[in-house]
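Please read this briefing alongside the sequence and the model. It takes selected residues and spaces in turn.

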Amino acid sequence: MAERDPGDVRASGKERLIQATESLLRNRPFEEVTVEEITKEAKLSRPAFYYHFAGGKEQLRATLVERGLLRERPAQDTREQILAAALRAFARSGVSATTLDEIATEAGVSRGTLCWHFHSKEELLAALIRHYSPHGTLQSAISEAVRLAEEGQIDDRTAVYRIVAAFHDALMATPQGDLLRLAMLLIHSHPDAAQILASVLTENRKILINYVRTRQEQGRFRRTFAPELIVQILASIFVMRAVARGLLSLLSVTQFSREELIEQVVDLLFYGMLPCDQSERVS
């Protein structure tokens, strides 16, 4: 019997991995397919995978793209995938304990690809905070509510409802909730990064403070409280609910739906801001 060329064995293993990946891609996108699933489908070991694809899934992706089996992914998609993976890893294990290799594995890219987008963990952390910051959506929602109230198109309670809803949606959505939990971990270990997040979250307060102060001067809100306190109360309520979501589910406390929670907070804030005679008339 003729001896088998070692090159044939290598080619066979590589082709099996490619065929296995192609089979898995019929049901799921490439990003969701793991190396373990590919090797299991190909009936090969994990070391065998990295023998053929030393660059990991990114090298495999490049091979699939080259053969026309997978569409090329824009660089921006890769960057966002890395940021999403970093957020999950940092929120789960903390910044100091998470390595770039772990983030690369979580993102399904090689370390080289990760470092091409972000040269250090600190650069990645700063980019992550800016990318997932709720500043843009929160500012636009607050500005729109204040504008409509000042133009008389909506009443003050409706404006307060929209502002509270904006805080809820901006701070309690999944990425932002993870970001806030990460911020709690950063306060002592990475104060510079924590400061970036704090500044982003407080940039929206000027519009809201001016709105409340104007209503106080017009006699529509009572003047016995500091307008700045409204921002602190709103941020504290939703930040703490996002950070302590798992704890709250274990405690014997009422679990509110989104609408119920917003209505409760609106009533507490709005009727607390009205002059006593107006709040009595409203009630």
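**Thr39 and helix α2**

- Thr39 is in contact with Leu17, Leu44, Ser45, Arg46 and Phe49, once neighbours within four places in sequence are set aside; contact means heavy atoms within 4.5 Å.
- Thr39 sits in helix α2, residues 35–42.
- Helices (H or I, at least four residues) and strands (E, at least two) are DSSP runs, numbered from the N terminus.
- Thr39 is buried, at 7% relative accessibility.
- Buried means under 20% relative accessible area, exposed over 50%, and partly exposed in between, with a 1.4 Å probe and protein chains only.
- The Thr39 side chain reaches the backbone oxygen of Glu36 at 2.9 Å.
- A polar contact is a pair of N or O atoms within 3.5 Å; within protein, one must be able to donate a hydrogen and the other to accept it, and residues adjacent in sequence count only if both atoms are side-chain atoms.

**Basis of the model**

- This is a predicted model, in which local features need pLDDT of at least 70 and side-chain atom pairs count only at pLDDT 80 or more, while totals for chains, interfaces and linings use all residues.
- Residues are numbered from 1 along each chain as its sequence is written, and side-chain values use heavy atoms, with hydrogens and water left out.

**The chain overall**

- The protein chain has 17 helices and zero strands.
- Of its 283 residues, 41% count as buried.
- Among contacts in the protein chain with a separation of 6 or more, 66% join residues 24 or more positions apart.

**Loop residues**

- Lys43 lies in the loop between α2 and α3.
- Lys43 has a positive phi of about 60°, although it is not a glycine.
- Lys43 is exposed, with a relative accessible area of 70%.
- Thr98 lies in the loop between α5 (75–93) and α6.
- Thr98 counts as buried, at 1% relative accessibility.
- The side chain of Thr98 reaches the backbone oxygen of Ala89 at 3.4 Å.
- Beyond residues up to four places away in sequence, Thr98 touches Ala89, Phe90, Ser93, Ile103 and Lys121.
- Ser120 is in the loop between α7 (111–117) and α8.
- Ser120 is partly exposed, at 26% relative accessibility.

- Helix α8 (residues 121–132) has twelve residues.
- From first C-alpha to last, α8 reaches 16 Å, close to the 16 Å expected at 1.5 Å a residue; the expected span is 1.5 Å times one less than the number of residues.
- In α8, the residues Lys121, Leu124, Leu125, Ala126, Ala127, Leu128, Ile129 and Tyr132 are buried.
- Ala141 is found in helix α9, residues 135–150.
- Ala141 is partly exposed, with a relative accessible area of 28%.
- Ala141 and Ile163 are 22 residues apart along the chain, and their C-alpha atoms are separated by 6.9 Å.

**The largest cavity**

- On a 1 Å grid over the protein atoms alone, a cavity is a set of points where a 1.4 Å probe fits but cannot get out; a pocket is an open set with protein on both sides within 12 Å along at least five of seven lines; lining residues have an atom within 4 Å of a point.
- Grid points are joined across faces, edges and corners, and a volume is the space filled by probe spheres set on the points.
- The count is one cavity of 30 Å³ or more.
- The largest cavity has a volume of about 50 Å³.
- Its lining consists of Val160, Ile163, Leu208, Tyr211, Val212, Ile230, Leu234, Leu269 and Met273.
- Helices α10 (156–172), α13 (205–217), α14 (228–243) and α16 (258–273) each supply at least two lining residues.
- α13 gives the most, with three residues.
- The lining has nine nonpolar, no polar and no charged residues.
- Ala, Val, Leu, Ile, Met, Phe, Trp, Tyr, Cys and Pro count as nonpolar, Asp, Glu, Lys and Arg as charged, and the others, Gly among them, as polar.

**The second largest pocket**

- The second largest pocket holds about 330 Å³ of space.
- It is lined by 20 residues, and those closest to its centre are Tyr50, Ala104, Thr105, Gly108 and Val109.
- α2, α3 (46–52) and α6 (100–107) are the elements giving two or more residues to this lining.
- α6 gives the most, with five residues.
- By class, the lining has six nonpolar, six polar and eight charged residues.
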